[in-house]
Amino acid sequence: MTTADVAGLRGTRSRPGRTAVWIRPERVKELSLLGVIFVALLVFSFLVDDYFSGRFFNRVTTSVAITAVLAVAQTLVIVTRNIDLSVGSIVGVTAYLTGQFASSNPSASPAVAIAIAVGLGALLGAINGVIVAYGRVPAIITTLGTLAIYRSWLISHGEGKTITADSLPSWVVDLPTRTAFSIGGLDIRVVFAVVVVIVVVFQVAMQRLRWGRRLYAIGSNPEAAAQAGLPTRRLVLGAFIACGALSGFAGFLFLSRFGNITVVAGQGLELDSVAAAVVGGVSVLGGSGTLVGAFLGAVLIDVLDQSLVRVPQVSEFWRNAILGALILAAVIADVVIGRRFRRRWSAEARPHTKVGDGSTDTPTEAPVLTGATPRGESGDA
Amino acid sequence: MPDWARERSWELLLAVILVGTIVYNATQSPVYLDVDNFVNLFRLSIEKVVIAVAMTFVIINGEIDLSVASVMAFAACVLAAAHESGVPFGLAIAIALAAAASAGFVQGLVVAKTGISSLVVTLAGLIGFRGAARVLLEDRSIGEFPDWFGDLGRADFLGPMPFALVLFLVMLVVGGVILHRTSFGRRVYVIGNNADVARFSGIDVSRVKLVLFTMSGLVAGVAGVLFAARLGSVRANIGEGFELDIITMVLLGGVSIFGGSGTLLGVALAICIVLNLRNGLGLANVEANTQTGVIGALLIVSVLAQNLLDRLPLRRREAEAEA
């Protein structure tokens with residue numbers, strides 16, 4: 001039984017005699033998300049005069065940098081069937097402490113400041129990871145707790161003082177406006193370029209490296225992963241550390257973007273990061289989702305954010321209402337797409353019997369078809 | 001240890017902690033043991049404890065509702081907006097409760113019909129209903145409610161207790177009876193233990209979930225109305241972050257985040273502990289923000305302790321078997 005035969009038998013979606021084209025579901029999600037972003041831009045361009053401008057592009061790319069890094073961080077953890085709700089607090093702590101360091105050591109090199117932010121984030125992530133992986137406390141409880149703990153530590157440490165942009169070395173404050181290169185009048189900011197590189201690097205790592213495949217394996221079936229001999233605890237700890245480190249980097253970006261850091265900096269960013277990942281097609285049940293998708297989710301959220309304020313007809317107060325609806329739409333679409341693909345896969349995996357003989361749910365003929373195993377996001381881990 | 005004590009070991013532990021907290025607080029401040037102080041404790045957190053009762057059902061059912069604080073604010077804003085546009089106040093309350101119940105219903109429908117994780121659905125609700133509240137009131141603050149309304153949370157209703165506290169106690173008792181003494185309550189547990197088994201046993205899982213989420217929304221609406229009564233004015237950002245405290249109370253009460261186990265008695269004890277702890281820390285001049293950190297740590301430690309406690313009897317039995 002070949003792919004073509006099945007497609008011919010079913011007579012839907014692909015023409016008889018042609019091999020069915022494999023589009024992996026995550027590609028479908030990413031492409032449809034691109035479509036949604038495109039439609040959103042189109043709609044806004046009708047509503048707003050002079051919508052597309054170099055300034056708007058800069059605004060979106062600078063703000064998306066932070067959301068995107070957090071979306072990547074969140075995705076690494078969500079893929080393992082965990083969640084990190086403390087990223088907003090980690091951003092706050094790292095932004096504040098790095099700001100303190102930079103303002104009291106103005107001559108320190110940028111590399112040191114960034115290393116401090118990343119290292120601090122990794123440390124906080126490690127605390128989460130140890131409690132989750134070795135203390136066996138569910139991630140949602142652990143990170144809900146550390147969300148409060150990290151923040152309250154920061155508030156008592158900061159004593160209400162604000163880090164001001166004036167006190168920071170100029171390289172920190174100037175960073176967001178630095179341009180790496182320009183394409184056709186659009187400036188690509190250094191920060192945005194770096195973030196794109198981060199997304200690509202982690203995408204490749206998750207798709208090609210053993211580490212990444214193992215994270216997917218844990219998320220799609222933790223017991224099976226443990227049975228297969230994967231060091232699940234260490235891997236989950238690693239995912240949390242990576243998430244913390246990236247959040248720390250996002251904290252540094254936050255510092256350089258806003259300059260003025262209060263003790264409540266970054267509050268609520270955890271929601272944006274989860275929202276971006278979920279809109280980007282990452283399943284909270286673990287085991288599926290891509291970093292490119294999460295990145296696109298972040299882009300969509302920031303496009304909405306930066307555009308809604310410019311639409312005269314609706315107030316900016318619609319932001320959250322639209323975002324909530326968007327998340328819901330994304331996950332429902334995810335389920336619908338997922339069902340469709342599963343139906344196609346099961347058609348591939350066994351002859352689709354006609355309705356009425358009652359054998360649709362019993363995989364009696366399954367052993368015949370070893371060649372057509374679907375390559376799911378988790379299947380080849 | 002007798003059987004009943006082993007079964008109720010978590011509640012026992014909570015009771016000991018509670019007594020310890022109360023004794024410690026009593027030595028710290030002479031006014032602590034006043035009845036008024038206790039009433040005041042509940043009065044200031046009445047919205048959270050009311051929602052915690054509903055949240056207990058949802059979590060035992062194996063789901064979670066992160067949207068409660070937003071639905072609460074949404075209901076309060078609906079109430080305020082209706083009041084502002086001249087709707088009779090009683091009707092405005094009814095509209096607010098109906099809006100909150102439908103908010104829960106919609107989320108329950110999505111969870112029950114599509115099987116999407118309630119974590120995501122109610123996260124969307126958390127963001128979306130807060131957004132809806134903001135759309136309604138923008139950055140305004142609406143007040144000037146009737147006098148009797150403000151009295152709901154303040155004036156003595158039954159003895160020293162205001163109406164809101166009496167309502168909470170009634171909810172606690174009714175909730176306890178439903179959860180522990182009715183077949184509906186049993187179904188909530190069975191589904192939380194294993195939804196597939198429940199489905200194959202002929203339980204209408206979707207309907208139970210739908211009922212629970214609708215109830216959760218309605219109770220959040222009640223909390224919103226009580227909040228409006230207590231504060232005397234409503235803004236779109238009221239109660240942000242309440243879900244942390246509420247979930248902490250429920251989980252500290254021994255309810256498993258994976259569903260299927262926990263009691264309302266445990267949650268009631270945990271509520272008392274959290275309130276008394278905050279009060280005690282306040283009396284000891286610990287800042288409100290540090291208190292939040294302590295509550296966060298308590299949340300993590302309570303589950304860590306449960307994990308340890310789960311292992312203990314097993315190890316002891318194994319040791320006995322070996323000996």
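Predicted model: local features only at pLDDT ≥ 70, side-chain atom pairs only at ≥ 80, totals over all residues.

Trainee: Which residue just after α13(B) takes a positive phi?

Mentor: The helix itself covers residues 242–252. Just after α13(B), a phi of about 95° is taken by B:Gly254.

Trainee: Is A:Leu31 buried or exposed?

Mentor: A:Leu31 is found in helix α2 of chain A, residues 25–47. Because A:Leu31 has 12 C-beta neighbours inside 10 Å, its class is exposed.

Trainee: What distance separates the C-alpha atoms of A:Leu31 and A:Trp153?

Mentor: A:Leu31 belongs to α2(A). Along the chain, A:Leu31 and A:Trp153 are 122 residues apart. Their C-alpha atoms are separated by 42 Å.

Trainee: Turning to the strands of chain A, in which sense do β1(A) and β2(A) pair?

Mentor: Strand β1(A), residues 179–183, is hardly covered, with 0 buried residues among its 5. A:Thr179 stands opposite A:Arg189 in β2(A). The two strands are joined over 4 bridges, and the sense of their pairing is antiparallel.

Trainee: Which residue in the hairpin of β1(A) and β2(A) takes a positive phi?

Mentor: This hairpin has 2 residues between the strands. The positive phi there is near 50°, and the residue that takes it is A:Gly184.

Trainee: How many residues has the largest nonpolar core?

Mentor: In soluble globular proteins, nonpolar side chains tend to be buried together. Here, the residues with the most contacts inside the largest nonpolar core include A:Val69, A:Ile327, B:Phe74 and B:Cys77. Leaving aside residues up to four places away in sequence, A:Val69 touches A:Val195, A:Ile198, A:Leu246, A:Phe249, A:Ala250 and A:Leu253. The size of the core is 212 residues.

Trainee: Which helix of chain B gives the most residues to the side that touches chain A?

Mentor: In this interface, 36 residues of chain B are in contact with 39 residues of chain A. Helices α6, α7, α13 and α15 of chain B each supply at least two residues of that side of chain B. The side has 21 nonpolar, 11 polar and 4 charged residues. With 14 residues, the helix that gives the most is α7(B).

Trainee: What radius of gyration has chain B, and why does it agree with a compact globule?

Mentor: The C-alpha trace of chain B spans about 75 × 55 × 35 Å along its principal axes. For 323 residues, a compact globule would have a radius of gyration near 20 Å. The value for chain B therefore agrees, at 20 Å.

Trainee: Finally, what ipTM does the predictor give the complex?

Mentor: For chain B, the average pLDDT is 89, and 94% of the residues score at least 70. For the complex, the predictor gives a pTM of 0.83 and an ipTM of 0.82.

Notes. Residues numbered from 1 in each chain as written. Chains lettered and ligands numbered in written order. Buried ≥ 20, exposed ≤ 12 C-beta atoms within 10 Å, placed from the backbone. Core = buried A, V, L, I, M, F, W, Y, C linked by C-beta atoms within 7 Å. Contact = placed C-beta atoms within 7 Å. Nonpolar A, V, L, I, M, F, W, Y, C, P; charged D, E, K, R; others polar. pLDDT = per-residue confidence, 0-100. Pairing = 2+ DSSP bridges. Rg over C-alpha atoms; globule rule 2.2 N^0.38 Å.
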